[in-house]
Amino acid sequence: MIRVNLLPPEYRKVDGPPVGRVVSLVASAFLVASALGAWGYVHFGMLAEEEGRRAQLEEELTQIKQQADRSQALLREFDEYQRRRETIEKIGTSRILWSRKLDEMADIIHNKGDQKEFLVWLSGMRSTSGRTSDSPVGLHIQGLCGGSLSNLSAFNYKIKETKEFFDDFTRVDPPAGTQKLLDDKKWPNKAWDFSFILDHKHPNWREKQGQQ
């Protein structure tokens with residue numbers, strides 16, 4: 001059966017949109033609202049938090065870089081001081097420290113307080129030219145040794161057996177001297193007038209042997 005609506009358009013019943021279209025519109029609106037909400041959360045929430053963390057990390061990185069630069073500067077300074085130390089040590093090994101040898105000789109003569117074992121007192125101590133190719137320089141000592149010749153021999157032997165002192169030398173003259181009388185009011189009243197020469201090794205012999 002065919003129906004014909006003869007009413008004017010303004011009096012006709014308006015048909016609603018299709019259900020499918022309405023559902024699509026609602027779903028689209030929901031998706032748009034969800035996307036806007038997610039964007040707002042990310043932008044105003046997570047992004048602000050991450051920016052704060054980034055600023056903190058950048059500040060920590062700046063501090064670490066400053067510490068690294070300071071460490072590098074200290075390392076360069078340490079290397080420079082090490083280089084200077086090695087230079088000074090090389091200079092020291094190529095020089096004879098006569099002041100140290102004088103102190104060591106004084107310790108031998110003092111003999112830990114037992115001076116009567118040798119009864120030695122020096123009248124002169126000086127460097128001299130070497131006598132052999134193995135010894136470019138020597139140490140010449142002069143003095144008196146009271147008592148018998150055995151005292152002078154003991155002193156000569158003590159020089160050779162004192163490793164700290166004699167390591168720098170190759171040889172020392174044998175004990176010999178001339179006995180002379182002293183003033184009667186002095187003790188001992190006679191002594192041996194002696195003169196020893198100690199042949200010194202090359203100044204850098206320790207460096208060549210890898211010693212300090």
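Two notes before the tour. This is a predicted model, in which local features need pLDDT of at least 70, side-chain atom pairs count only at pLDDT 80 or more, and totals for chains, interfaces and linings use all residues. Residues are numbered from 1 along each chain as its sequence is written, and side-chain values use heavy atoms, with hydrogens and water left out.

**Stop 1: the whole chain**

Switch to cartoon view. There are 5 helices and 5 strands. Helices (H or I, at least four residues) and strands (E, at least two) are DSSP runs, numbered from the N terminus. Trace the chain from the N terminus and the order reads α-α-β-β-α-α-β-β-β-α.

Now colour by burial. Buried means under 20% relative accessible area, exposed means over 50%, and partly exposed lies in between (1.4 Å probe, protein chains only). Of the 212 residues in the chain, 22% are buried.

Among contacts with a separation of 6 or more, 64% join residues 24 or more positions apart.

**Stop 2: the largest nonpolar core**

Select I141, F155, I159, F165, F194, F196 and L198. These residues touch the most other members of the largest nonpolar core, which has 19 residues. A nonpolar core is a set of buried Ala, Val, Leu, Ile, Met, Phe, Trp, Tyr and Cys residues joined through side-chain atoms within 4.5 Å. In soluble globular proteins, nonpolar side chains tend to be buried together.

Which elements each supply at least two residues of this core? They are helix 2 (98-110), strand 2 (135-146), helix 3 (149-161), helix 4 (163-166), strand 3 (169-172) and strand 5 (190-200). Strand 5 gives the largest share, 4 residues.

Centre on L198. Leaving aside residues up to four places away in sequence, L198 touches V137, G138, L139, I141, I159, F165, F166, F169, R171 and V172.

**Stop 3: N156**

Move to helix 3 and select N156. Is N156 buried or exposed? At 1% relative accessibility, N156 is buried. Its contacts, again leaving aside residues up to four places away in sequence, are V172, D173, P174, P175 and F196.

**Stop 4: salt bridges**

Show charged side chains. A salt bridge is a side-chain nitrogen of Lys or Arg within 4 Å of a carboxyl oxygen of Asp or Glu. How many salt bridges does a search of the whole structure find? The search finds 12. Visit three of them.

*E58 and R54.* Their closest N and O atoms are 3.1 Å apart. Both residues sit in helix 1 (residues 19-93), 4 residues apart, so about one helical turn separates them. E58 is partly exposed at 42% relative accessibility. R54 is exposed, at 56%.

*D168 and R100.* Here the closest N and O atoms are 3.9 Å apart. D168 lies in the loop between helix 4 and strand 3, and R100 in helix 2, so the pair ties together parts that are 68 residues apart in sequence. D168 is buried, at 4% relative accessibility. R100 is partly exposed, with a relative accessible area of 39%.

*R131 and D173.* These side chains meet at 3.0 Å, N to O. R131 is in strand 1 (residues 120-132), while D173 is in the loop between strand 3 and strand 4 (177-181); the two are 42 residues apart, and the pair links distant parts of the chain. R131 is partly exposed at 39% relative accessibility. D173 is buried, at 14%.

Next, select R100, K101, E104 and D168 together. Salt bridges that share partners join these four into one network.

**Stop 5: two positive phi values**

Finish in the loop between helix 2 and strand 1, where N111 is found. Which value does phi of N111 take? Phi is positive, about 55°, although N111 is not a glycine. N111 is buried, at 12% relative accessibility.

Now select L119, which lies in the loop between helix 2 and strand 1. Phi of L119 is near 55°, a positive value in a residue other than glycine. L119 counts as buried, with 16% relative accessibility.

Terms used: Contact means heavy atoms within 4.5 Å.
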